[in-house]
Amino acid sequence: MGEGDYSLRVQIRQAKPILALVLMQFGYAGLNIIAKYALDAGMNNYTFIVYRHAIAAAAMAPFAIVLERKKWPGMSFSIFGKIILMGLLEPVIDQNLYYLGMQNTTATFTSAMSNVIPAFTFLLALVLRLEKVNPRSLHSQAKVAGTMVTVGGAMLMTLVNGPALHLPWTKGRRYHQSSTNQQQHTIRGALMITAGCISWACFMNLQANTVKSYPAHLSLTTLICLMGALEGALVTFAIERGNVSIWILRKGPTLCVVLYGGIVSSAIAYYIQGVVMKEKGPVFASAFNPLSMIIIAVLSSFIFAEEIYLGRILGAVVIIIGLYLVLWGKRKDEPERVQMMPIDQQMARMNGNAETLNGDSVKKVTPIECV
């Protein structure tokens, strides 16, 4: 194989996880837009989350059975406990707080606040030793500084509005929210979203840890969604006792949101995230959140005639600077790990029949584990 072919294969391999995560953020952005519309129209966030993950589990199960049945790892008590916890952390705690926060703010604000997820993910990864920091290393310093800048940007977005930017396409238009949302409670919504982000960061680190011992990604995604649906149903029954009408799925926005959220933003997104995190780690996977915010801000100003404030734009810029300091620091970690690998193993990684070091042993990576 020539040097040109080798270089092309390296570039393609490096581009795959980036492209996958970019597409995932487009999927999240689309869900935020239609979910905000449906929530303001009266959709119940608790039943939405239950139906969303039930559909995600049903959509992924056939693929898991057909493609991974012969390589299912043993289900230990430890792995089963992690799956139960993951189903609680993200589908139940994070998403309920996220959508409750969205009802108190806007789709753009909710997405922007979610950009603190990489910072929380990084801090938890440090505690769990999934991420390493050398105080004397420039790229390690960039990761720490980026984490602090990201949190500062989130606080700026929450506490500072500034003048509204009157965009040409919003003039003469006004998005009429439901009566429960006419007075937005930004601080309360921000606290809910922040708590949800912490739960999501815990989920990402736990998922990154679990895929090492349970590498059947389709099956793991199915089990997480199934547990999320069951645990979400228990929470819904406890909170909405006697309210049977919330379980009725009506045609229109509600049905579209449930189907889209289940298939795109749960089933496909969890799978992509798990595959990428096994190779790149949880911090890399979480660093693409700002893209979703930018997409939502633009679409919301067109669809909902949402006002964009200068303070929130400045906060978003600070968040993005912080996030890409983290991403730059992570990027500088990659060459060191690759250089430590034997040359034949590096070549194998480029050929799609990759091998990765697991302590002193070598572990095969099957094609389905590659993005």
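A contact here means heavy atoms within 4.5 Å. Among contacts between residues at least 6 apart in sequence, 87% join residues at least 24 apart. This is a predicted model, in which local features need pLDDT of at least 70 and side-chain atom pairs count only at pLDDT 80 or more, while totals for chains, interfaces and linings use all residues. Residues are numbered from 1 along each chain as its sequence is written, and side-chain values use heavy atoms, with hydrogens and water left out.

Colour by secondary structure: the chain has 13 helices and four strands (DSSP runs, H or I of at least four residues for helices and E of at least two for strands, numbered from the N terminus).

Next, select Leu 21, Met 86, Trp 200, Phe 203, Met 204 and Leu 220. Within the largest nonpolar core, of 54 residues, these touch the most other members. Such a core is a set of buried Ala, Val, Leu, Ile, Met, Phe, Trp, Tyr and Cys residues joined through side-chain atoms within 4.5 Å; buried means under 20% relative accessible area with a 1.4 Å probe, protein chains only. Helix α7 (residues 186-213) supplies the largest share of this core, ten residues.

Now show helix α3 (residues 77-104) and helix α8 (residues 217-239). Their axes (lines fitted to C-alpha atoms over the stretch in contact) lie 8 Å apart, at an angle of about 60°. The contact includes Met 86 and Gly 87 of α3, and Leu 220 and Gly 228 of α8.

Note on methods. Buried < 20%, exposed > 50% of the residue type's maximum accessible area, 1.4 Å probe, protein only. Axes fitted to C-alpha atoms, helices over the stretch in contact; angles between N-to-C directions.
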